[in-house]
Amino acid sequence: MKNQQCMGPEIAGCSFSIHPMSDDFIEIITGALKNVDTSKVWMKTDDVTTTVRGKLIHVFDVTKAIFIHAARTGEHVAFQATYSLGCPGDSAGDVYMAEDDIAVYNSQVNDIKQPVAAKFSLYPLGGGNYMNVIMEQIEAMKSHVDVSHAHYSTRLDGGAINVFEGLEKVFQATVLGGSSHTVMTVSISANSPSSKRGGNRE
Ligand SMILES: Cc1ncc(C[n+]2csc(CCO)c2C)c(N)n1
């Protein structure tokens, strides 16, 4: 059997979908994908998802900016993403690694107040102590947003920027903590008419 090439810990990826509850869904999806600077990641869109691959910092930066772009239309937008970093089965062929660690959007979007509700799940694969890692990171999330219990996931309420910052920090800490293959899923909802908080939080 051919050995699967180990890519090392630095190549991250995210497969994500945006589902705008709007007649303008095509413009909202394609507008967000077109107008965000994705020059520091590899990106491919099909009829189901968009996949970005590259350095972790750029994968989070780009997915955050695309979500914010769609949410700023004011329409009810749902975002679903799976982030992954690790060796098994990963391939070098379709990755573009920007050389720098300078996020394009971090400073540009930091002032944006966009309330969201989210649920995330963390899967530190390849280690025996996974429940402790998960509990530690749920605790760490509390310094970014409101955290509450949910079945099979953890609920996050707060600003979109804070939610993405928390997700990135938690993912990074899990990787640095020794998880050889880390997966995180998240569903985010913006501008929902059934928002628990009336949409008035920052
Ligand atoms: C981020 C993201 N990427 C791809 C799709 C799939 N998709 C559904 S409608 C549409 C536009 C018209 O083809 C596309 C690309 C998605 N929903 N969100």
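By class, the shell around the ligand in this predicted model comprises five nonpolar, six polar and one charged residues, where Ala, Val, Leu, Ile, Met, Phe, Trp, Tyr, Cys and Pro count as nonpolar, Asp, Glu, Lys and Arg as charged, and the others, Gly among them, as polar. The residues surrounding the ligand are Phe16, Ser17, Ile18, His19, Ile26, Ile29, Thr30, Thr45, Asp47, Val48, Thr49 and Thr50, a residue being near a molecule if its C-beta atom, placed from the backbone, lies within 6 Å of it. At least two residues of this shell come from each of β1 (11-20) and α1 (25-35), and β1 provides the largest share, four residues. Helices (H or I, at least four residues) and strands (E, at least two) are DSSP runs numbered from the N terminus.

Residues are numbered from 1 along each chain as its sequence is written. Local features need pLDDT of at least 70 and side-chain atom pairs count only at pLDDT 80 or more, whereas totals for chains, interfaces and linings use all residues.

The axis of α1 comes within 9 Å of that of helix α2 (residues 56-71), and the two cross at roughly 140 degrees, with axes fitted to C-alpha atoms over the stretch in contact and angles running from 0 to 180 degrees between N-to-C directions. In the contact, Ile28, Gly31, Ala32, Leu33 and Asn35 of α1 meet Ile66, His69 and Ala70 of α2, on the criterion that C-beta atoms, placed from the backbone, lie within 7 Å. By class, this contact has five nonpolar, three polar and no charged residues.

Strands β2 (residues 42-45) and β3 (residues 50-55) run antiparallel and are joined by four bridges, pairing requiring at least two DSSP bridges.

Definitions and conventions:
Two residues are in contact if their C-beta atoms, placed from the backbone, lie within 7 Å.
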